[in-house]
Amino acid sequence: MVLWLLNHVSTFALGFLLVGGIVALAITGSLAARRRFPHLAAGEHNEMVGVALGMFGAIYGIILAFVVVTLWTQLENTQTIVATEATDLALVVRSAEVFPPADRARIEKAVGEYAHAVVEVQWPLMRAGRPSYEATARQTHEMYVALQSYEPTTARAQTFYDEAAARLNDVAEQRRARITMAETALPTLLQVLVYGGALVILPLTFLFGLRSLKMQLLFVSAVAALIAFSLLLVMVLDRPFAGELSVSPAPYKEAALAKFWPGE
């Protein structure tokens, strides 16, 4: 459900729906609590509620900060993995430029097919939360076959062949790392703490009484909006290949790889 929303609803619209919905729910809950327990407006329990809010708020804030930092680091690592894989792929092409035309063409054809398979086949699967090694398994094998079929005959060619082989091994390594990152999601325990914590803190704000109804609703709305924005941030960062803020496949279309994408 979350993946579908990220891929089919803009981040702005999703934020509006999530923040607006939670704020509306908080206001409704506060009004219901005030109507059911009119004495709450006198603030009889404010001291106890304030202590509970402070304690739970501090714990929840630490958990939320840890989760956001972890997910942001994960997103940056994923971007680095994608950029590194594309760079290594481009260096295979660069190294093959010194090979005989037929061998160079064979290697470039295999690299081009791999780049297209990553962007056009594997990327949509990762975006949908269904990463697959098989999506580019054949193309990966064909790159190795194309490179291994060439036999260097000079020291210069041997040097670039060794470089191309090393970079191709790095491509395979980064491919596995990229797919692993696509399979990674926030652990269930942390999800319970993040989303469950919001369900604990919000109802507590209903019990904090203020004589002015407007101030009461403003207080509840502010807390609800802050929590909603935090949950939106967690949702967006938890899926590095989904949504508007996802990692882009653009590096596979740039530099030496641009020749495989004519007209773009």
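**Nonpolar cores and a surface patch**

V247 is in contact with L75, T78, Q79, V82, W123, P240 and F241, leaving aside residues up to four places away in sequence. The model is predicted. In it, V247 belongs to the segment after α8. The points below cover this residue, the nonpolar cores and a nonpolar surface patch.

- V247 is counted as buried because its relative accessibility is 4%, and the cut-off for buried is under 20%.
- Between V247 and E76 there are 8.9 Å in space, C-alpha to C-alpha, although the two are 171 residues apart in sequence.

- In soluble globular proteins, nonpolar side chains tend to be buried together.
- The largest nonpolar core here comprises 65 residues, and L89 and V111 have the most contacts inside it.
- Two or more residues of this core come from each of α2 (11-36), α3 (46-95), α4 (101-127), α5 (137-148), α6 (155-183), α7 (188-206) and α8 (213-237).
- Helix α3 supplies the largest share of this core, 16 residues.
- Apart from residues up to four places away in sequence, V111 touches L89, V92, V93, M143, L257 and F260.

**Nonpolar surface patch**
- M55, F56, I59 and V200 form a nonpolar surface patch of about 340 Å².
- With three residues, α3 gives the most to the patch.
- M55 is located in helix α3, and M55 counts as partly exposed because its relative accessibility is 45%.

Terms used
Residues are numbered from 1 along each chain as its sequence is written. This is a predicted model: local features need pLDDT of at least 70, side-chain atom pairs count only at pLDDT 80 or more; totals for chains, interfaces and linings use all residues. Side-chain values use heavy atoms; hydrogens and water are left out. A nonpolar core is a set of buried Ala, Val, Leu, Ile, Met, Phe, Trp, Tyr and Cys residues joined through side-chain atoms within 4.5 Å. Buried means under 20% relative accessible area, exposed over 50%, partly exposed in between (1.4 Å probe, protein chains only). Helices (H or I, at least four residues) and strands (E, at least two) are DSSP runs, numbered from the N terminus. Contact means heavy atoms within 4.5 Å. Patches are made of residues with over 30% relative accessible area and no salt bridge: like charges are joined within 9 Å, nonpolar side chains (Val, Leu, Ile, Met, Phe, Trp, Tyr) within 5 Å. Accessible areas come from the Shrake-Rupley method with a 1.4 Å probe; for residues, only the protein chains shown count as cover. A salt bridge is a side-chain nitrogen of Lys or Arg within 4 Å of a carboxyl oxygen of Asp or Glu.
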